[in-house]
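Me: Please take a close look at one part of this model, the place where the ligand sits. Keep to plain words and give the cut-offs.

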Amino acid sequence: MRPLGPQQLTLNLGDALIVVDVQNDFLPGGSLAVPRGDEVVPVLNRYLDAFARRGLPIFTTRDWHPPNHCSFQPYGGPWPPHCVAGSEGAAFAPALELPASSTLMTLKGTQPEKDAYSAFDGTDLDVRLRAHGVGRLFVGGLATDYCVLCTVEDGLKAGYAVVLLQDAIRAVNVRPGDGERAEAEMIRRGAIPIRLEMLTA
Ligand code: VGL
Ligand code: ZN
């Protein structure tokens, strides 16, 4: 057997894919558009296929705010209104190819008075991951410097190994360099950065 190079990684039982907030409002044309946010979709489709083919669990998160959410500018928050529960802006990007049978969905930020960037904040994601025997999270989606960052940090704190899908994330970059700083911080805390070509067939 050919030994794996240092730049290769094999998917195993106990691995799960976490697709963070790939929703219309975070794509170009959306109300809180992440620059080049649409570019994560074809790459995530390849990761989705790799996990689905191996029968490994796929978790999605969606930002899912009430119309009067505290993070919205009219209510004193930092963001334009976005991802209002049930709206077109809150829907998954249409080009995202989620396997119907194996996709487990989590909604977050659903309380008017509380924001939640992390997929673990106020959700049962941790319980559901443990119920599926998950020990290692592969995290990609939007946005690098908010929900991806907070989800990765909370995943590490909860004791999961975390793999950061470096080719399937994009940043808001409110301040230039926020995305790069967020990536460096996730890696410093123990996340392993990979790209598609590093997955073994
Ligand atoms: C997000 C800002 C506000 C995210 C959500 O998904 O990264 N960012 N709400
Ligand atoms: Zn939000």
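Reply: A residue is near a molecule if one of its heavy atoms lies within 4 Å of it. The model is predicted, so local features need pLDDT of at least 70 and side-chain atom pairs count only at pLDDT 80 or more, while totals for chains, interfaces and linings use all residues. Residues are numbered from 1 along each chain, ligands are numbered from 1 in the order in which they are written, and side-chain values use heavy atoms, without hydrogens and water.

Around ligand 1 stand Asp21, Phe26, Leu32, Asp63, Trp79, His82, Tyr117, Leu142, Ala143, Tyr146 and Cys147. This shell divides into eight nonpolar, one polar and two charged residues, where Ala, Leu, Phe, Trp, Tyr and Cys are among those counted as nonpolar, and Asp as charged.

Polar contacts are pairs of N or O atoms within 3.5 Å. A polar side-chain atom of Asp21 is 2.6 Å from an oxygen atom of ligand 1, and one of Asp63 is 3.0 Å from a nitrogen atom of ligand 1.

Asp63 also coordinates the zinc ion (ligand 2) through OD, together with His65 (NE2) and His82 (NE2), at 2.0 to 2.2 Å; donors here are N, O and S atoms within 2.8 Å of the metal (3.2 Å for Na, K and Ca). The spacing of these donor residues in sequence is D-x1-H-x16-H.

Conventions: A polar contact is a pair of N or O atoms within 3.5 Å; within protein, one must be able to donate a hydrogen and the other to accept it, and residues adjacent in sequence count only if both atoms are side-chain atoms.
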